[in-house]
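Please keep the sequence and the structure in view while reading.

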Amino acid sequence: MLQGRAEEVRAVEALLAEARSGAGGVLVIRGEPGMGKSALLDHAARAAAGAGVLRGAGVETEVELPFAALHLLLRPALDRLDALPAPQAAALRGVFGLAPVAGTDRFLVGLAALTLLSELAEERPLLVLVDDAQWLDRASAEALAFASRRLRSEGVTLLIAARDDRDAFPATGLPELRLGGLPRDDAERLLSDGLPAHLREQVLKEADGNPLALIELSRAACEGEWELGGTLPLTHRLQEAFTGQIHRLPEPARRLLAVAAAEDTGALGTVLAAAGALGIPADALEPAERAGLVTVTGGVVRFRHPLLRSAAYQGALSSQRRAIHRALAGSVSADRRAWHLALAATGPDEHIAGALERSAEQAGARLGYAAMATAYERAAYLSTDQGRMARRLAAAAGAAGEAGQSGRAADLSERAAQLTGDPVTLARLAEITSTAELDRGSPRRAASVLIDGAAPIAGTDPRSAARMLAAASRNAWVGGDTALIAEASRLLDRLGLPPEDGLAALTRGLAHIHGGDLESGYPLLDGFLRHASPADVEGQLTLTHPVFVAGRLDLARDLSTSLAARCRAEGRIRLLPFVLDQLAYSRLMTGRHRDARDSAAEALQIALDTGQAHPTTGLRGMLAWLAAVEGDEERCRAMAEEGVRFALARGSWPVDLLATWALAMLDLTQGRDQAALDRLQMRPRGSSHFSLRVVVDEVEAAVRLGTPERVLEPLALFRRWAELSGEAWAGALVARCHGLIHDSEEHFTRALDLHRLAEQPYEQARTHLAYGEWLRRRRRKAEARPHLRHARESFERLDARPWADRAAAELRAAGEAPPTRRRADRGAALTAQELQVVRLAATGATNRDIAAHLLLSPRTVGQHLYKAFPKLGVVSRTELARLELDRL
């Protein structure tokens, strides 16, 4: 038993027990250096009787080598790669340098790692131990974090040890165990036996319960090498204690330890080769081994503790360290040679800068974008002229953006922009900065940056300028900034593009529509949509925005469905949150509420797992709206309030619109009509589907309050929009609004006729309810009952409980007692993910196919089916295929 760590040991052993029962789990163990993280991992390895064990660690000098740590961890399992789905196997082979990388999304590597671990756990439980995670290269850390969040039913236990440093292993959403100081009784048991009594209290105070400090400081005190009354932080005090142990060694041993510390992969051959180049004899390591400072096993030199390695390196003079790195550069691979040369440099050196640039390109080829950014940045500062420095900083900014490091990308772009006046480079930097600003939730700033960047290249590269201005217009739309949209349109007009040009039509159309000139804008937008046929994923994703603006909901749903399938098939996980967001919204608007909830929930989880903060807020707003319709006030408020806070902080009004609409819908379903109307009328006005769709609820609240005059203006705009769009669903909603305002049966019946042309079960049910209420109030109860019955049944299928209750109450008032029990819905008992799994299983897809589609492991898919079958009353996939799962 570890001294004083009984509770922590129990937590680890509980996870191991769960893995033996087929479950999975992850635990991030955090603590300051010396708190016993590695010792806890060692205990887990000993306690994992009968389990397979994989062990790896972050290596400080390999922190810029993409996927180096993941390769080290998974190397014993690489013979299983053929068992993975082909895209996942190809992803791992590519990033491990076993095959060319072919357009892989870096997050697909994390999914492949999850599948590989699951494959290993098929035979017996698997324990995966990762030490010193604060030194994992970013690519490996992202992959492990992505896999960790999907460990559910794999029989895999993953323990990750990391320091408490601010930039240590990213563990958002993962369970953590923090190691604090030991209680005094346990601390005293770790003190050296020979420690004089007068030093015991001093050591206990300085160590503050840190096990390593208790051992090392008491040892140093016993040997007379520790000075009383020190004021340095504990880590530095420990390093001083280790420095004292190193100083007792002969000078050649100290120098060789410094070489080993500088090349802390520990490869003995590399260390001895560099030592030989420096004139250090090979047997100089023996005194350090005898003193227990290092061990040499399996051709690897290992320090007793990372702080000891740090003490050995920092104990050398700066000139000695540079000489060591020059010597090591002659003994390592090309990738690492460039870094050793960079550490040996004393000033600008184009030869080294060029080597680092080549290293950056190699890192990018293996999807190591964070390492790519660092290599380019270091190369920039070793550049011998300002032009090369600007170019390399710009490349670093682009790589940082690809790595998802928005703040770093913006900072590098700004530094590069200060060094160059080249319009082309500045335009590229503007695009990078714009993406970073959008990722950080500042769409107006993103638009402004693009407009400023496009202006200088308008005369020399009008196509690139047009592309930037179209993107600026979209961003300004998201930010609700009419002035910026108009500015983008004016600049576009000066480019001299032909009127039929797609980008020109799109940008001008958006500007007109947002400015309220629907009659000029919609023909342009319609023309763009009729002729646009982008083949690439990014182009198709861009197309979804004008499709929604124009209200083409069926096209939006089909386009988003196709895009989602393509992103899954190609492993483009980074884009999935945006695509699934669009798919969820199109499903919500067409009344497929359960499907919308499933898509939004999946998108939200992937966005959180991949660190993409911006889409999470809109997705929460959508889930809040669905919760309101279902009558779940607590869940609605929790989701919506997060979206409102984000929008207020960043000026992203469509996000605020979704959250505000959700809270207004909650008010509407709870009979708080005044609150609902006040919320909706406080929103920014607009003239697209996004802002006009809420007019329907605004009208209902105003009519119920007896103040229809408050909504005549927005309704008139909605009517213009609906007529120009030509969409039957929009015409149906306008007709219902007029039926409510004008007490007109003709409008209600027209609304129902139009609903039959465009399936929207939720809106159709609300029209039946409104018309049924209208008929009942006029004592036409027999005519009202079919409409109210249709509304109640539809709302129950949609799980829209407040609306179903309202329809049932109206039905009773019309003289019909609705059934006291709702229709049994076997699908209602399924979780969102179980429903996704059974739908795919019913098509004949294998567990492995389903796992790749849903970014899960095959074992998790099997577990979902195991739980879903009894809920559905089936015992086989054959029976599953007979169910009408599209209606669940």
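The model is a predicted one, in which local features need pLDDT of at least 70 and side-chain atom pairs count only at pLDDT 80 or more, while totals for chains, interfaces and linings use all residues. Residues are numbered from 1 along each chain as its sequence is written, and side-chain values use heavy atoms, with hydrogens and water left out. Helices (H or I, at least four residues) and strands (E, at least two) are DSSP runs, numbered from the N terminus.

β1 covers residues 25–30 and β4 covers residues 156–162; the two pair in the parallel sense over six bridges. Two strands are said to pair if DSSP finds at least two bridges between them. β1 also pairs in the parallel sense with strand β5 (residues 176–178), here over three bridges. In that pairing, I29 has L177 of β5 as its bridge partner.

β1 is mostly covered, since six of its six residues are buried. Buried means under 20% relative accessible area, exposed means over 50%, and partly exposed lies in between (1.4 Å probe, protein chains only). G25, L27 and I29 point one way from the strand, whereas V26, V28 and R30 point the other way.

## The second largest pocket

On a 1 Å grid over the protein atoms alone, a pocket is an open set of points with protein on both sides within 12 Å along at least five of seven lines, whereas a cavity is a set of points where a 1.4 Å probe fits but cannot get out; lining residues have an atom within 4 Å of a point. Grid points are joined across faces, edges and corners, and a volume is the space filled by probe spheres set on the points. The second largest pocket holds about 1,400 Å³ of space.

Its lining has 45 residues, and S38, D131, D132, F303 and P306 lie nearest the centre of the pocket. The elements α2 (37–47), β2 (52–57), α9 (211–222), β7 (300–303) and α14 (306–314) each give at least two residues to this lining. By class, the lining has 19 nonpolar, 10 polar and 16 charged residues. In this division Ala, Val, Leu, Ile, Met, Phe, Trp, Tyr, Cys and Pro count as nonpolar, Asp, Glu, Lys and Arg as charged, and the others, Gly among them, as polar.

## Two cavities

How many cavities of 30 Å³ or more does a search of the whole structure find? The search finds two. The largest cavity has about 50 Å³ of space, and its lining includes L16, A19, R20 and T157. Helix α1 (6–20) and strand β3 (126–131) are the elements that give two or more residues to this lining. The largest share, three residues, comes from α1. The lining divides into eight nonpolar residues, one polar and one charged.

The second largest cavity has about 40 Å³ of space. Among its lining residues are L588, M589, W625 and Y762, and α29 (576–589) and α40 (761–777) each supply at least two. Four of the lining residues are nonpolar, three polar and two charged.

## Buried residues and their contacts

H43 lies in helix α2 and counts as buried because its relative accessibility is 13%. Contact means heavy atoms within 4.5 Å. Not counting residues up to four places away in sequence, H43 touches L2, V9 and E13.

L484, in helix α24 (residues 482–493), counts as buried because its relative accessibility is 12%. Leaving aside neighbours within four places in sequence, L484 is in contact with R444, A447, S448, I451 and A476. The C-alpha atoms of L484 and R445 are separated by 9.9 Å, although these residues are 39 residues apart along the chain.

## Residues with positive phi

Most residues other than glycine have a negative phi. D132, in the loop between β3 and α6 (138–148), has a positive phi near 50°. D132 counts as buried because its relative accessibility is 18%.

L855 also has a positive phi, of about 60°, although it is not a glycine. L855 lies in the loop between α44 (847–854) and α45 (858–872), and counts as buried because its relative accessibility is 2%.
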